[in-house]
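User: Please examine the structure shown below and discuss its backbone geometry and overall dimensions.

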Amino acid sequence: MVTRLSELQVHDLAEELAELLTDTVESGASIGFLAPMDAAAALAWWRERAAAVAAGQLGVWAAHERDRLVGTVSLAFPDKPNSRHRAEVVKLMVHRDARGRGLGRTLLTAAEEAAAAAGITLLHLDTETDSPAERLYRSAGWTRVGVIPDYAASPAGVLCGTTIYYKSLSAG
């Protein structure tokens with residue numbers, strides 16, 4: 001089941017969210033952190049996100065299976081007047097034990113539907129070039145814009161390209 005988290009829920013689930021973040025980084029997903037992922041740093045990072053949720057700058061959705069948090073996705077909402085029609089999909093994470101069962105697609109769809117319901121007409125994201133995530137985005141109807149070479153370091157510290165995608169949520 002996928003649910004949107006409130007500020008309080010992000011704070012209350014911070015330890016589980018931190019464990020998910022740590023697992024995601026340790027399993028090689030390039031989501032902005034280097035391995036080994038420090039558990040205290042992961043916890044602090046999630047606790048900082050609670051304030052962004054409270055401010056309306058971030059929406060966080062979590063997936064649970066049998067009372068265990070196994071995935072999350074977030075939408076980052078811009079604060080500038082000329083960009084309020086768009087949002088960025090960030091930190092789509094699925095615990096390695098829950099991969100391969102469609103949970104990434106379920107989380108992505110939840111974020112897309114919530115964005116559309118909020119009046120967002122354009123989504124964008126970036127992901128490591130040639131990563132498994134690229135297959136998900138392409139199969140979900142996202143459009144590849146291009147690649148920025150050597151954009152970010154992988155969890156192992158190796159520079160990798162980043163591929164930019166977008167998806168229009170406009171009708172017609």
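Predicted model: local features only at pLDDT ≥ 70, side-chain atom pairs only at ≥ 80, totals over all residues.

Analyst: Residues are numbered from 1 along each chain as its sequence is written, and side-chain values use heavy atoms, with hydrogens and water left out.

User: Which residues does a cis peptide bond join?

Analyst: Most peptide bonds are trans. In the loop between α2 (14-26) and α3 (39-54) lies Pro36; helices (H or I, at least four residues) and strands (E, at least two) are DSSP runs, numbered from the N terminus. With omega at about -5 degrees, the cis bond joins Ala35 and Pro36.

User: Is Arg66 buried or exposed?

Analyst: Arg66 is found in the loop between β2 (58-65) and β3 (68-76), and has a positive phi of about 50 degrees although it is not a glycine. Buried means under 20% relative accessible area, exposed over 50%, and partly exposed in between (1.4 Å probe, protein chains only). At a relative accessible area of 78%, Arg66 is exposed.

User: What radius of gyration does the protein have?

Analyst: The radius is taken over C-alpha atoms, and the globule rule is 2.2 Å times the number of residues to the power 0.38. For 172 residues, a compact globule would have a value near 16 Å, and the protein agrees with this. Its radius of gyration is 15 Å.
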